[in-house]
Amino acid sequence: MKAHTEYLWFNTPHEHDYVNITGEVARIVEASAIREGFVLVSAMHITAGVYVNDAEDGLIQDIEEWLEMLAPFRPDYRHHRTGETNGDAHLKSLLVHHEVIVPITAGRLDLGPWQQVYYAEFDGRRRKRVVVKAIGE
Amino acid sequence: MKAHTEYLWFNTPHEHDYVNITGEVARIVEASAIREGFVLVSAMHITAGVYVNDAEDGLIQDIEEWLEMLAPFRPDYRHHRTGETNGDAHLKSLLVHHEVIVPITAGRLDLGPWQQVYYAEFDGRRRKRVVVKAIGE
Amino acid sequence: MKAHTEYLWFNTPHEHDYVNITGEVARIVEASAIREGFVLVSAMHITAGVYVNDAEDGLIQDIEEWLEMLAPFRPDYRHHRTGETNGDAHLKSLLVHHEVIVPITAGRLDLGPWQQVYYAEFDGRRRKRVVVKAIGE
């Protein structure tokens, strides 16, 4: 069994950003030389998410508004007693989930025609990391 | 390490459908001859989900109503400017998540007594795919 | 490829509880002697979840209130016609998801500085199980 691990760093210009990282993940899988296996793409921070969906700008704005509706910014989260102001970012991260597994088949990401891997930043403008780890053979 | 990959095709009769695929996944794991490992069950479309929960009809209706409440059909999603009308299906897919991993132990799906694997279709009446990939030994 | 499987048992004192199981998962990974791989942490019941987020008491209360808002207890879920009263627990489990994968790198959980693995119980005061399965080499 082979394993290959890389880390992607982000420092997004906005507090919220949606970054298509499919190409980066594909490059890492190619570097792994794994033909059959899984690649895990997992945010290492608790105020960011990783999801698979469409690379369509309108939809990304819909997702942003929807997350704000279901997990709104509010000044009065209990978490803010620690001095933080990002309680909503934790909840948004739980909602979209912080990681995905993509199957690797015949040396390539085995994604459907419209599936793209996104890094979703909910508390940006600082250095944050995603681990990309492939295992297989 | 062994790897075994199959694709399940769906063309559900309704726009929304909840299909218990536990038996299909178990059959694929048996075909893989893997005794210890993981099986990934992952929708290849961005308007469908895969989740693990109960095979109880009342609950499935509860899930359907609950998803409609949290990620409702609306005519005015920005995504619809592309000509699509399925913005809500993308959000429902994000909410239930598009994939699960089931552990394989002693050659069988290592699920709890009530756990069943479901394919959740949110934009049906067309051919769609799920990848089922087992790795292990 | 190595595989190592253990089960964690819970019998929480309250109906809802959030239990930090990071230490237990780390101990199981150490027992596995796996240096590079994945560990799956997956609830075996359909009224509990497993997620990765912060070990901060205020945030945990925020999560509890937020889940109650988005997936409230209600007497009138259809699932309750079976005699159950825990329809909301199923929906909460779907919302936070029932499992996570943590990468294992150089023999250790490859988590970010604030990431902790939590067992989220939504229908406690009874014996319930989580499967922890590591694969790798």
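**Chain contacts and salt bridges in the predicted model**

In the predicted model, the contact between chain B and chain C takes 36 residues from chain B and 28 residues from chain C, where contact means heavy atoms within 4.5 Å. Phe38(B), Asp62(B) and Trp66(B) supply 22% of the area that chain B buries against chain C, more than any other three residues. Chain B and chain C together bury about 2,800 Å², of which 64% lies on carbon and sulfur atoms; buried area is here the accessible area (1.4 Å probe) that two parts lose on being put together, summed over both. The structure is a predicted model, in which local features need pLDDT of at least 70 and side-chain atom pairs count only at pLDDT 80 or more, whereas totals for chains, interfaces and linings use all residues. Residues are numbered from 1 along each chain as its sequence is written, chains are lettered from A and ligands numbered from 1 in the order in which they are written, and side-chain values use heavy atoms, with hydrogens and water left out.

Between chain B and chain C there are two salt bridges, a salt bridge being a side-chain nitrogen of Lys or Arg within 4 Å of a carboxyl oxygen of Asp or Glu. Arg78(C) forms a salt bridge with Glu65(B), with the closest N and O atoms 2.7 Å apart. The elements that each supply at least two residues of the side of chain B that touches chain C include β3 (37-43), β4 (48-53) and α2 (57-70) of chain B, helices (H or I, at least four residues) and strands (E, at least two) being DSSP runs numbered from the N terminus. The largest share of that side, nine residues, comes from α2(B).

The contact between chain A and chain B takes 36 residues from chain A and 28 residues from chain B, and these two chains bury about 2,800 Å² between them, 64% of it on carbon and sulfur atoms. In chain A, the residues that lose the most area to chain B are Phe38(A), Asp62(A) and Trp66(A), together 22% of what that side buries. Two salt bridges are counted between chain A and chain B; Lys133(B) forms a salt bridge with Glu36(A), the closest N and O atoms being 2.5 Å apart. On the side of chain A that touches chain B, α2(A) gives the most, with nine residues.

The arrangement of the copies was examined by superposition, by least squares on the C-alpha atoms of residues with pLDDT of at least 70 in both. Chain A can be laid on chain B with an RMSD of 0.0 Å by a turn of 120° and a shift of 0.0 Å along the axis, and the two copies are thus related as by a three-fold rotation axis. Within chain A, the residue that comes closest to the rotation axis is Met1(A), at 3.5 Å (C-alpha).

Over all chains, the count comes to 27 salt bridges. Asp123(A) forms a salt bridge with Arg126(A), the closest N and O atoms being 2.7 Å apart; Asp123(A) counts as buried at 8% relative accessibility, whereas Arg126(A) is partly exposed at 41%, buried meaning under 20% relative accessible area, exposed over 50% and partly exposed in between (1.4 Å probe, protein chains only). In chain C, Lys92(C) forms a salt bridge with Glu68(C), the closest N and O atoms being 2.9 Å apart. Lys92(C) lies in helix α3 (residues 87-96) of chain C and Glu68(C) in helix α2 (residues 57-70) of chain C, so the pair ties together parts that are 24 residues apart in sequence. Lys92(C) is buried, with a relative accessible area of 0%, while Glu68(C) is partly exposed, with 27%.
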